[in-house]
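The exercises below are meant to be worked through with the sequence and the 3D structure side by side. Try each task before you read its solution.

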Amino acid sequence: MTMNTLKIGKLGALGLVALTVVACSQKKFNVEGTITEAQDSMLYLENVGIEEITKIDSVKLGADGTFSFSGSPSNSPEFYRLRIHNQIINISIDSTETVGIKASYPTMITQYEVTGSENCQKIKELALKQIELQQRCMEVSRALPGPQGRDSLMHMVEAYKDDVKRNFIYPAPEKPCAYFALFQTVGGLLLFDQSNHDDVKAFGAVATSWDISYPDAIRTQNLHNIAINGMKNDRIVQYNNQTVLEASQVQQTGIINVSLPDNKGKARQLTDLKGKVVLLDFHLFALDDSPKRILAMRELYNKFNAQGFEVYQVSVDNDEHFWKQQTAALPWICVRDPQGVSSQVLVNYNVSSVPDYFLIDRDNNLVKRMSQIEDLEAEIRRLL
C-alpha cells in the first residue's frame, strides 16, 4: 500500500527535483544583450563563488554595445555578475536558460531590463532594494550621528530583513533569489546575522529546501553548516521542561535536529535515529482524515519496521490530552510541539500546511519531501 492517499492539503511549495541533468556538459547557458554608452569598455562575466569571484569571460564592447556569453551549466543554481568597472548586474543561472540583459552605462547597476529568467528578475528586485537601503543608511548616518543614528539604522535593517523574509525567502526558499537574499550586504556587512535567532530560521528554511532539491551542491553544504552553527551559537531550547542544550550537544548531521517530548514525556531526538530510514511526519490529529492517514502509515510501519524503518511523527495539535489519547497505541515515535502551528520546527523545515512529510536516509540526510514523492512505499524500499 502506498501513501499517495495521504496527500491531504498537499503543499505546492517545492517543485520536483530536476532530472534533466543528463548530458549537461554538452549544453550551454547564454547571457546576451546590449549595454550602450560603453564603447571600448571591457564587459566581464564573473562567477560569484562562495569564497571568491572568478572571471569567466570578457568582451570589448562596440558602438552598439551587443554582447553574448555562454557557459556550461551546473547541476544546481549558480550565481554570476556582469561588470564594467564598478557597475554590476547580478544574475543567477539555472540549467540551460538564456538570460537577456539590456542596459546603458553608467546607470546599468539600477536601470537595466532582464528577460528570460524569473529568478534574475527577482534578484534585480532584491538588488534595487539593497541599493535603496544603502542610500537611506548613508543619509541617516550623516543626519544622526551617535546612538540615535545607530538605533535608526538597526530599525531600518530589521524592517528590511522582515520584508525580504516575507516576500523573497519564505515563499520559495528553494529559489536562487532566497539564497541571494541571505548574503546581501550593506556597508560591507552581511544583513542576515548567522548568530541571530530569527535570521538562523531563514538560513534553516533555505538550507532544508536546498538539501532536498540540490543535495550534492557545495552551496547546499555551506547553507547547512551556517544553519547548524547558528543553532549552536543561539543554543537550542528544548520543550521538555524548557531544558537548554549547550552548543557541545548539538550534533553535526545532514538534517536540522528536532527534540520534543513524546507521549510519555521523554525527549526524543530525531538525530538519534541515524542508521534507520526515517519518515519525518508532520501531522494534525484533529483533521477529519487523520484516522485514514494513520491507518495507511501503520501498514507501512508494520511492513518495513523490522528492516530498519522508523517514523518520527511531530504533532501540532493544541489539545495535549486529545493527542495522547490518539497516540497511546501507535508503535512509532510520537512527539508534540506545544507551539502548535506556530512551531519553530515547521519554520525550520519550511512546512506551511499539514500534513507533510520528509524521507531521511540512514546517514541522516534529507532525501525527498511529500510533494516530490509519487509512491512512498517504493521510495522506502529503495532507501532500505
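**Exercise 1.** At what angle do α1 and α2 pack, and how far apart are their axes?

*Solution.* Before starting, note that this is a predicted model, in which local features need pLDDT of at least 70 and side-chain atom pairs count only at pLDDT 80 or more, while totals for chains, interfaces and linings use all residues. Residues are numbered from 1 along each chain as its sequence is written, and side-chain values use heavy atoms, with hydrogens and water left out.

Step 1: Two packed helices are described by the angle between their axes and the distance between the axes. Axes are lines fitted to C-alpha atoms, for helices over the stretch in contact, and angles run from 0 to 180 degrees between N-to-C directions. Helices (H or I, at least four residues) and strands (E, at least two) are DSSP runs, numbered from the N terminus.

Step 2: For α1 and α2 the angle is about 170°, and the axes are 10 Å apart. The two helices are therefore roughly antiparallel to each other, since angles over 145 degrees count as roughly antiparallel, under 35 as roughly parallel, 65 to 115 as roughly perpendicular and the rest as oblique.

Step 3: By class, this contact of α1 with α2 has 9 nonpolar, 4 polar and 5 charged residues, where Ala, Val, Leu, Ile, Met, Phe, Trp, Tyr, Cys and Pro count as nonpolar, Asp, Glu, Lys and Arg as charged, and the others, Gly among them, as polar.

**Exercise 2.** Describe how α6 and α9 are arranged, and find the residues that meet.

*Solution.* Step 1: The axes of α6 (residues 290–304) and α9 (residues 376–383) come within 12 Å and cross at roughly 25°. The helices α6 and α9 are therefore roughly parallel to each other.

Step 2: Leu 300, Lys 303 and Phe 304 of α6 are in contact (heavy atoms within 4.5 Å) with Leu 376, Glu 377, Ile 380 and Arg 381 of α9. Sorted by class, this contact has 4 nonpolar, no polar and 3 charged residues.

**Exercise 3.** Which residues touch the most other members of the largest nonpolar core?

*Solution.* Step 1: A nonpolar core is a set of buried Ala, Val, Leu, Ile, Met, Phe, Trp, Tyr and Cys residues joined through side-chain atoms within 4.5 Å, and buried means under 20% relative accessible area, exposed over 50%, partly exposed in between (1.4 Å probe, protein chains only).

Step 2: Of the 31 residues in the largest core, the answer is Val 164, Ile 169, Leu 182 and Leu 223. The elements that give two or more residues to this core are α1 (118–143), α2 (147–169), α3 (176–182), α4 (197–213) and α5 (218–234).

Step 3: Leaving aside residues up to four places away in sequence, Ile 169 touches several residues, including Ala 178, Phe 192 and Val 206.

**Exercise 4.** Is Glu 37 buried or exposed, and what is its phi?

*Solution.* Step 1: Glu 37 is in the loop between β1 (29–36) and β2 (42–48), and Glu 37 counts as exposed because its relative accessibility is 62%.

Step 2: Most residues other than glycine have a negative phi, and most peptide bonds are trans. Glu 37, however, has a positive phi near 60°, and Asp 40, which lies in the loop between β1 and β2, has a positive phi of about 75°.

Step 3: A cis peptide bond, with omega of about 10°, joins Tyr 105 and Pro 106.
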